[in-house]
Amino acid sequence: MSAIPLSQSKEIPSLTELLAKSFLKGKHLLSVKQLGPSELDQLLAVAREMRIATEQKRVLKILNGVVLGEIFYEPSTRTSTSFDAAMKRVGGQTVILNESYSSTQKGESLEDTIRTVGQYADAIVLRHPDENAVDAAAIVSPVPIINGGNGAKEHPTQGLLDLLTIMEELDTIDGLSITFVGDLRYGRTVHSLCELLQYYRVTINLCSPPGLEMPLELAQQIRDRGQLGVISAELSPKIVSESDVIYCTRVQKERFKDLELYEKVKESLTVDPSVMKDAKSRMILMHPLPRNREVAPEVDRDPRAAYFRQVSPQLHEVACFVDWRN
Ligand code: NCD
């Protein structure tokens, strides 16, 4: 690891120091439930330092010779290219396996795919439609597994970079009113972010069409934490005007058992300029991408639209796994 003096201030530890004491060394990252306040502080500090460092130097050498495997059993633009770009920006490399071209098509089991790619890579990002797949992979994997999305359950690294985005865009998380809109039932990024928000003083509003409400257990946890604001089937002007963050999600067609329900709800709760006119001047509109109809393209020009800004510092993703080496 090269000793680059990234932080000049004595109080802020350097990236090298931060990585040296990482809690993730040799560990899987399967769920945000593994992360408490001190782990979050550490990860977000690494991510922030790394973003600053790559902005200054373009490419770092801290992961020279390290290979990350990416195995995706579901489509991905943002997460897959983000991990790939992040890895390259810190001097590492990637081996990418797309399920539709892999030996899965010849009957290879998930476990055998993991055992094989685990021989070529130092860690593996796995995305799978089955929510139990990451745990099954972790049992047989010779290297750490990073959950890149397991069914409708979780997407830990997106949750982390969502948290970082809020912090960087609005300078704080405490005191904010955060409104989740759309498919809260199947939207895994929402589930991970809500879990992470338990460590902050926030109000959480849940707006979803009937049938796509947040899973009961998660909604109950938010209520028990004293963070629940309103639950609504509509994104009313009042909710919009009181929100510091509006977080939209795509209606997850691929997870519907009942396509009739999908047809009924697919275009409800759209954010367009007429919705944004009620929003605070200092607020952000977020979206984990890909976007369908839930955010109108005309909103992209609005400076409060943060969804493409939160993609560009691809490096955020790397903070989650950069320090798993023993
Ligand atoms: C999401 C996902 O795959 O969970 N996108 C992402 O990875 N950033 C959202 C979605 O598919 O709608």
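The following questions and answers concern a predicted model.

In this predicted model, local features need pLDDT of at least 70 and side-chain atom pairs count only at pLDDT 80 or more, while totals for chains, interfaces and linings use all residues. Residues are numbered from 1 along each chain as its sequence is written, and side-chain values use heavy atoms, with hydrogens and water left out.

Q: Which residues are around the ligand?
A: A residue is near a molecule or strand if one of its heavy atoms lies within 4 Å of it. The residues around the ligand are Arg78, Thr79, Arg127, His155, Gln158, Arg188, Thr189, Arg250, Gln252, Pro288, Leu289 and Pro290.

Q: How many residues of the shell around the ligand are nonpolar, polar and charged?
A: Ala, Val, Leu, Ile, Met, Phe, Trp, Tyr, Cys and Pro count as nonpolar, Asp, Glu, Lys and Arg as charged, and the others, Gly among them, as polar. On that division the shell holds 3 nonpolar, 5 polar and 4 charged residues.

Q: Which helices each supply at least two residues of the shell around the ligand?
A: Helices (H or I, at least four residues) and strands (E, at least two) are DSSP runs, numbered from the N terminus. The helices that each supply at least two residues of the shell are helix 3 (78-89) and helix 7.

Q: What share of the ligand's area does the protein bury?
A: An oxygen atom of the ligand is 2.7 Å from an N or O atom in the side chain of arginine 188, and an oxygen atom of the ligand is also 2.7 Å from an N or O atom in the side chain of glutamine 252. A nitrogen atom of the ligand is 3.0 Å from a polar backbone atom of proline 288. Accessible areas come from the Shrake-Rupley method with a 1.4 Å probe; for residues, only the protein chains shown count as cover. Taken alone the ligand exposes 320 Å², and the share buried by the protein is 95%.

Q: Is arginine 188 buried or exposed?
A: Arginine 188 is found in helix 7 (residues 188-196). Leaving aside neighbours within four places in sequence, its contacts (heavy atoms within 4.5 Å) include Glu74, Arg127, His128, Glu154, His155 and Arg255. Buried means under 20% relative accessible area, exposed over 50%, and partly exposed in between (1.4 Å probe, protein chains only). Because its relative accessible area is 7%, arginine 188 is buried.

Q: Which peptide bond is cis, with omega about 5°?
A: Proline 290 lies in the segment after strand 9 (284-286). Leu289 and Pro290 are among the residues around the ligand. The cis peptide bond joins leucine 289 and proline 290.

Q: Is arginine 58, with its positive phi, buried or exposed?
A: Phi of arginine 58 is near 70°, a positive value in a residue other than glycine. Arginine 58 is found in the loop between helix 2 (37-57) and strand 1 (67-72). Since its relative accessible area is 52%, arginine 58 is exposed.

Q: Is leucine 269 buried or exposed?
A: Leucine 269 is found in the loop between helix 10 (259-265) and helix 11 (273-276), and its phi is near 55°, a positive value in a residue other than glycine. With a relative accessible area of 15%, leucine 269 is buried.

Q: What distance separates the C-alpha atoms of leucine 196 and leucine 35?
A: Leucine 196 is found in helix 7 and is buried, with a relative accessible area of 0%. Not counting residues up to four places away in sequence, leucine 196 touches Val32, Leu35, Leu40, Gly159, Leu160 and Leu163. Leucine 196 and leucine 35 are 161 residues apart along the chain, and their C-alpha atoms are separated by 8.0 Å.

Q: With which side chain does the side chain of serine 243 make a polar contact?
A: Serine 243 lies in the loop between helix 9 (237-242) and strand 8 and is buried, with a relative accessible area of 0%. A polar contact is a pair of N or O atoms within 3.5 Å; within protein, one must be able to donate a hydrogen and the other to accept it, and residues adjacent in sequence count only if both atoms are side-chain atoms. At 2.6 Å, the partner of the serine 243 side chain is the side chain of threonine 179.
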